[in-house]
Amino acid sequence: MSSFTLSRRALLAAALSLAVMPRAHAVSIMDPFNLPAAMDGGTVKVGDSIAYADGPRHKLDVYAPEARGALAPVVFFIYGGGWSRGERYEYQFVGQALAARGFVVVIADYRLYPEVAYPDFLYDSAKALGWVQDNIASYGGDPNRLFLAGHSAGAYNATMLALDPAFMHEYGVTMPIRGVAALSGPFDFYPFEYNEVRDVFGKAPSPEGTQPINLVTSAAPPMYLATGTSDPIVRMQNTERFAQKLKDSGVWVTTRYYQGFGHMEPVLAIGAMWRWRMPVLDDMVAFFQMFGAFPSGVPYVAVAPEPPEQLPESIAPMDQIVQQMNEMFQPIEN
């Protein structure tokens, strides 16, 4: 596999074209990370806006390697957004990054607050996994090599699906979950101290039952937990407490603490533009491989590109964009 090279000229041209081209989606703060010049090649979007149920928020996209032979392992990625925002198209860079490493990747929308509250968004993702179970082989994926991944609220959703079998059973999902990769995730945030969390979880009949840390058993799948040490939204102690509970229950857990980074940076570093900042993708793929992603050995190696030449601040003030992203969210826990 050729290494990713981010040329200043190519990214500048892509950024300028982004401003003038007709757009299928609303402008998003995530757009710079989804520029064609800023994403991995060697992939194809094999499924676009596939309905897994009725309704506008019940659609999914599927990414795969261009070169496909035998069925590939599957990553079901759940994006975050405080359970009140987020669109699957904003995470194309994640789909292409993992597809370039040999995975078939599914990214599904789910309903958000205020349309729904806990636990409806979890049932949506479970329903999407039902679609994966029934259909992913037709897109080159192996339903027996399924991994869940998520960031922030999406990390919460992924761990809840793995820890509470009721959601999957509701839709007859019997696929084994080989492992879960959870980035910047809230796992232990009761009592609910902030309005954003109270709105979503405050009416749950058993608030303690909404917390992943309270659902851990020895039957939980292996987990990879990663966080920035300077995360102001979900502090790293949340990951530390959850990791310890998993270890105490005999569950395999791999932890990564990325020094000096905040809430959004770990997921952004999956993409090619920021991969040079921290080895999130490399760490995730290594974890998936430990638990059977590629039985004959990993055919794709995560390459961390050299730091790109910096664009003029007027074109791509990346650090300012990330700061704006972090400021969009209330803290979830102290």
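Ala182 sits in strand E6, which spans residues 177–183; strands here are DSSP runs (E, at least two residues), helices are runs of H or I with at least four, and both are numbered from the N terminus. The model is a predicted one, so local features need pLDDT of at least 70 and side-chain atom pairs count only at pLDDT 80 or more, while totals for chains, interfaces and linings use all residues. Residues are numbered from 1 along each chain as its sequence is written, and side-chain values use heavy atoms, with hydrogens and water left out.

At 1% relative accessibility, Ala182 counts as buried (under 20% relative accessible area; exposed is over 50%, partly exposed in between, with a 1.4 Å probe and protein chains only). Leaving aside residues up to four places away in sequence, Ala182 touches Gly150, Ala155, Thr159, Phe187, Tyr224, Leu225 and Ala226, a contact being heavy atoms within 4.5 Å. Its C-alpha atom lies 9.6 Å from that of Ile78, 104 residues apart along the chain.

Zooming out, the protein has 10 helices and eight strands. Of its 334 residues, 57% are buried. Among contacts with a separation of 6 or more, 79% join residues 24 or more positions apart.

Then there is the largest nonpolar core, with 102 residues; such a core is a set of buried Ala, Val, Leu, Ile, Met, Phe, Trp, Tyr and Cys residues joined through side-chain atoms within 4.5 Å. Helix H4 (residues 153–163) gives this core its largest share, eight residues. Phe76, Tyr91 and Phe201 have the most contacts inside the core. Beyond residues up to four places away in sequence, Phe201 touches Trp83, Tyr118, Phe121, Tyr156, Phe189, Phe192 and Thr210.
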